[in-house]
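The sequence and the structure come first, and the description follows.

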Amino acid sequence: MANLIVVGTQWGDEGKGKIVDLLSETADLIVRFQGGHNAGHTVVIGQERFVLHLVPSGILHAGKSCVIGNGVVVDPGALIEERAGLEKRGIRVRGRLSVSDRAHLIMPYHRAIEKESEKLKGARKIGTTGRGIGPAYADKMARIGIRMADLLNPDLLRQKLSLNLSEMNYFLEKLYKVKKIELEPVLKEYLEYGEQLKDCITDTARLIHLAMEDGKHVLFEGAQGTHLDVDHGTYPYVTSSSATAGGACTGAGVGPTRIDGVLGIAKAYTTRVGSGPFPTELKDDTGCRLQEIGKEFGATTGRPRRCGWFDALLVRTAARINGLTSLAVTKLDVLDECREVKIAVGYKLDGRPLDEIPTDIEKLERCEPVYETLPGWMRPTGGVTEYEKLPAPARKYIERLSDLTKTRIDLISTGSKRSETILLRNLFA
Ligand code: IMP
């Protein structure tokens, strides 16, 4: 499989970082195509733990090239900081990371507006990561966004910034009653960013095309997850980008005919951070135990993640939307202590069974899961590397997940380290 897309099938935090890191071994180019530094991809190598926000996880493999595609929104300050942090830890980034000249920038007014807009929403707040992601994508669609290429054109940057500030400052001062943002300091700051990033700003769609023409393997690293996708997720409790496989094509500039496979990542249970409906959420001791054992705290914001049972309807829908060719199931070992494990096979609304996720968010908020209960395995699976060595009830659980999601499972993760993996099929074969 020469060109593979990796996407989350739930609400993000499925463990994509570890899987992308593993697959990077056999890939040549690793590409982020959407989202921004709202993502937090955790990779553990030996005793070291890395959390990547904007830089593709492939950077941890010496010699691999990485791309931040046009579909990503970039906070240049955050990117420079992340690059410096990695270099300080001995990971060479310069010369290996390219950033699309078409990628849109997160500006200080995006963060300010997001903060005030969330406050205004009160109980209906989205619970964003506060990174300015939504307002940056809104400006992109409104065709007033500032792009990476603009950092290298001081006159154009001044013109665009001046125009945008006249509008944004109106909102900040008149609607939100907070301080306005001055042009000159922002202009200076962003021109400085341009100076620091100019060597890596390029036409990355062309770069990816040339790599493909050269027979290179390209790995597309999704951020967030299918049900946070702006079109297919639990709107409005979503992020503002296309976190599904289609987003890889537009967000990197490649045609769908160049893609050979789509791997979905699903955690062996479900988590969600931020607001929004979550039918299988457990607000009891079991939920707390999953949170504790699974260390379910946001890698970007540190917020506790809400935890619940595996929702097969959620993942089955993701399989369809993304055209998944297979699944990787992560964090199986977190369920080791459960006496029994439950899987939601569908929902019930007002006593009537549903086998599709309702679009109406108020209906979804009222849905109750319909569970199937399986015996737990009550034996440690952490670090197991062979499928046959899993306890029989754990194998049964995995097989059931595959049946209910109608998707083949190619990989099972049994711990955070690279070695703690059961590979059922070589995904790049
Ligand atoms: P935003 O992406 O900061 O606008 O946040 C919108 C929603 O997506 C919130 O519920 C966030 O908690 C969620 N979200 C954004 N990025 C991630 C992620 O990487 N993992 C999990 N949830 C995320």
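## Local features of the predicted model

D150 touches G145, L156, L157 and K160, leaving out residues up to four places away in sequence. The structure is a predicted model. D150 sits in the loop that runs between α4 (133–141) and α5 (154–175). Its relative accessible area is 6%, so D150 counts as buried, the limit being under 20%. With K160, the link is a polar contact between the two side chains, at 2.8 Å.

S100 belongs to strand β7 (residues 97–100). A polar atom of the S100 side chain lies 2.9 Å from the backbone nitrogen of R102. Apart from neighbours within four places in sequence, S100 is in contact with I68, G69, N70, M148, T202 and T204. Between S100 and I293 the C-alpha to C-alpha distance is 39 Å, and the two are 193 residues apart in sequence.

T204, in contact with S100, is also one of the buried residues of helix α7 (residues 204–213), which are T204, I208, A211 and M212. Seen down the axis of α7, these buried residues fall within an arc of 100°, so they line one face of the helix. R206 and E213 are exposed on the other side of α7. At the start of the helix, a side-chain oxygen of D203 comes to within 3.3 Å of the backbone nitrogen of A205. After α7 comes G215, which has a positive phi near 80°.

### Ligand surroundings

There are 15 residues around the ligand, and N38, T129, T239, V273 and R303 come nearest. The shell is made up of six nonpolar, seven polar and two charged residues.

| Residue | Protein atom | Ligand atom | Distance |
|---|---|---|---|
| D13 | polar side-chain atom | nitrogen | 3.1 Å |
| T129 | polar side-chain atom | oxygen | 2.6 Å |
| V273 | backbone N or O atom | oxygen | 3.0 Å |

On its own the ligand has 470 Å² of accessible area, of which the protein covers 97%.

### Backbone geometry

Most residues other than glycine have a negative phi, and most peptide bonds are trans. Which residues are joined by a cis peptide bond? Y235 and P236 are joined in this way, with omega about 5°. P236 is found in the loop between β10 (218–221) and α8 (245–252).

K177 has a positive phi, near 55°, although it is a residue other than glycine. It is located in the loop between α5 and α6 (183–197). Is K177 buried or exposed? Its relative accessibility is 63%, so K177 counts as exposed, the limit being over 50%.

M378, also a residue other than glycine, has a positive phi near 50°. M378 lies in the loop between β18 (368–375) and α12 (392–405). With a relative accessibility of 41%, M378 counts as partly exposed.

Methods. Residues are numbered from 1 along each chain as its sequence is written. This is a predicted model: local features need pLDDT of at least 70, side-chain atom pairs count only at pLDDT 80 or more; totals for chains, interfaces and linings use all residues. Side-chain values use heavy atoms; hydrogens and water are left out. Helices (H or I, at least four residues) and strands (E, at least two) are DSSP runs, numbered from the N terminus. Buried means under 20% relative accessible area, exposed over 50%, partly exposed in between (1.4 Å probe, protein chains only). A polar contact is a pair of N or O atoms within 3.5 Å; within protein, one must be able to donate a hydrogen and the other to accept it, and residues adjacent in sequence count only if both atoms are side-chain atoms. Contact means heavy atoms within 4.5 Å. The arc is that of the directions from the helix axis to the C-beta atoms. A residue is near a molecule or strand if one of its heavy atoms lies within 4 Å of it. Accessible areas come from the Shrake-Rupley method with a 1.4 Å probe; for residues, only the protein chains shown count as cover. Ala, Val, Leu, Ile, Met, Phe, Trp, Tyr, Cys and Pro count as nonpolar, Asp, Glu, Lys and Arg as charged, and the others, Gly among them, as polar.
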